[in-house]
Structure formats: C-alpha cells, structure tokens
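The following note is intended for a colleague who is new to this structure.

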Amino acid sequence: MTFRKLMAPVAAVVASITFPGAAHADPAAAKAAVDAAKAQGVVGEQADGFLGFVNAGAASAEVRAAVAEINAGRRELYNQAAAKNGVSPAAAGASAYRTVVQGKLKAGEFYQDAGGAWVKK
C-alpha cells in the first residue's frame, strides 16, 4: 500500500474537523485571535500540522493561549486519526498540513516549507 493510499483516510478525518480547540472556553475568540495574529505575521502554520510563532516576541498572552488551545485540539484530533488509521500522530498531523491546511492558507499568511523556513504566501 502506498503512503498516499494509507494517508487518505487520515486526510478525510482531519478534513471533516474544525481546528479551534474544542476545550477553549470560547473557540470563536481563540480562532479570531489566531486569525488576527496570522494576518499580522505573528503566527503561521507549521509543516507538522500545528500552529507556530513566526515572531514569538510579538505574540500577546492572549495569542499564546489561543495557539496553545488550538494546538491541543489539533493534537487530540491527530491522535484520534492516527489510532483509527494505524499511523503515527506525527504522520496524521503532517498529512493534515499537506491536504487541508495548505489549501486554506490566505495570501499574506506564513507557513513552513519542507526545510522548516517560514514563507509568506
């Protein structure tokens, strides 16, 4: 079985989810904080499927908390997808990045390339 065929179910599970952490008291507020930070170039999408800090020094406590909450929600989802599909959580996160997250990036937002460098879309 090819890696692509193996990861297709993972991508399907991840594509059906929303990324703001379900445990956050106000998921809409966390998403709004992260969206604003993405637009300002403070937060970006890492190749492992998690949010990261492009400019950590510019991140407020609110943004740091929102990123932590969203990443916690993503981690939980990647663990579930991995268990369901017999892959590692890291593989599930990387698959989500390639198949879902990259397609949702907006112009001006940052993402990590294969080498780990931050790139502005």
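1. Axes are lines fitted to C-alpha atoms, for helices over the stretch in contact, and angles run from 0 to 180 degrees between N-to-C directions. This is a predicted model, in which local features need pLDDT of at least 70, side-chain atom pairs count only at pLDDT 80 or more, and totals for chains, interfaces and linings use all residues. Residues are numbered from 1 along each chain as its sequence is written, and side-chain values use heavy atoms, with hydrogens and water left out.

2. The axes of α2 and α3 cross at roughly 115° and come within 9 Å. The two helices (DSSP runs of H or I, at least four residues, numbered from the N terminus) are therefore roughly perpendicular, a term covering angles of 65 to 115 degrees. Their contact (heavy atoms within 4.5 Å) involves A30, K31, A33, V34 and A37 of α2 with E62, V63, A66, V67 and I70 of α3.

3. Between α3 and helix α4 (residues 89-104), the axes lie 8 Å apart at an angle of about 110°. That makes α3 roughly perpendicular to α4. Here Y78, N79, A81 and A82 of α3 meet P89, A92, G93 and A96 of α4.

Key
Parallel < 35°, antiparallel > 145°, perpendicular 65-115°, else oblique.
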